[in-house]
Amino acid sequence: MAKVHVFARDHINTDEIIPARHLTTDVESELAKFAMEDYDKNFVKRVQPGDIIVAGADFGCGSSREHAVWALRGAGVAAVIAPNFARIYYRNSINNGFLALECDGIVQAFQDGDPADLNLTAGTITNTRTGQSLTFVPVAQFALDVQKAGGWLEYMKEHDQAALEAETLAAHSTQAGHGHPGQDSSQDAAPQEKQHA
């Protein structure tokens, strides 16, 4: 069962997650040695594969660096759960297939070392010591698909490029807005030749 590591302070920045002095590699196993070093030097000695970080609000603020995701994932962290995240960290997490889950009251629900049951299908995390269960913001299916694939690049490789374009860039708008008149479905039909009597 996953163990929880509580970092209760708000605004933990990317330099605390992985200090800039260690940004000399993009190898996760190397970055993992220094994960959370400036916050807790003993974290990497305690963390086990599948463990969860519970953190305060605005986790991952500061500079944009994918290394902050790679370091935690390399250390074996399965997910970070916080009331909210810095937007760039949240997006980097999705792009790298890493779970960043938003959950109000999460810091108050756990103590460091508590066992937890994370249920992505139900959208819940349960402190199995106390029995308290919290619901987190549902993970978008797209983010789950990217996570399952192992990251955005792997996700793209698994999908036909033409299908991806149809889902994203080349998709027709069905509603007016943003300077587009919208797509009239009647215009999609092939023109009918006039019938002469």
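Contact here means heavy atoms within 4.5 Å of each other. The structure is a predicted model, in which local features need pLDDT of at least 70, side-chain atom pairs count only at pLDDT 80 or more, and totals for chains, interfaces and linings use all residues. Residues are numbered from 1 along each chain as its sequence is written, and side-chain values use heavy atoms, with hydrogens and water left out.

Leaving aside residues up to four places away in sequence, Phe-43 touches His-5, Phe-7, Ala-35, Met-36, Ile-53, Leu-72 and Val-77. Phe-43 also belongs to the largest nonpolar core, which has 28 residues. A nonpolar core is a set of buried Ala, Val, Leu, Ile, Met, Phe, Trp, Tyr and Cys residues joined through side-chain atoms within 4.5 Å. Buried means under 20% relative accessible area, exposed over 50%, and partly exposed in between, with a 1.4 Å probe and protein chains only. Phe-43, Phe-59, Leu-72, Val-80 and Tyr-89 touch the most other members of this core.

Helices (H or I, at least four residues) and strands (E, at least two) are DSSP runs, numbered from the N terminus. The elements giving two or more residues to this core are β2 (52-55), α4 (67-74) and β3 (79-82); α4 gives the most, with 5 residues.

Of the 8 residues in α4, 6 are buried. The cover over these buried residues includes α1 (14-17), α2 (28-31), α3 (43-46), β2, β3 and α5.

In strand β4 (residues 99-102), Leu-99 and Leu-101 point one way, Ala-100 and Glu-102 point the other way, and all are buried. In a regular strand the side chains alternate between the two faces of the sheet.
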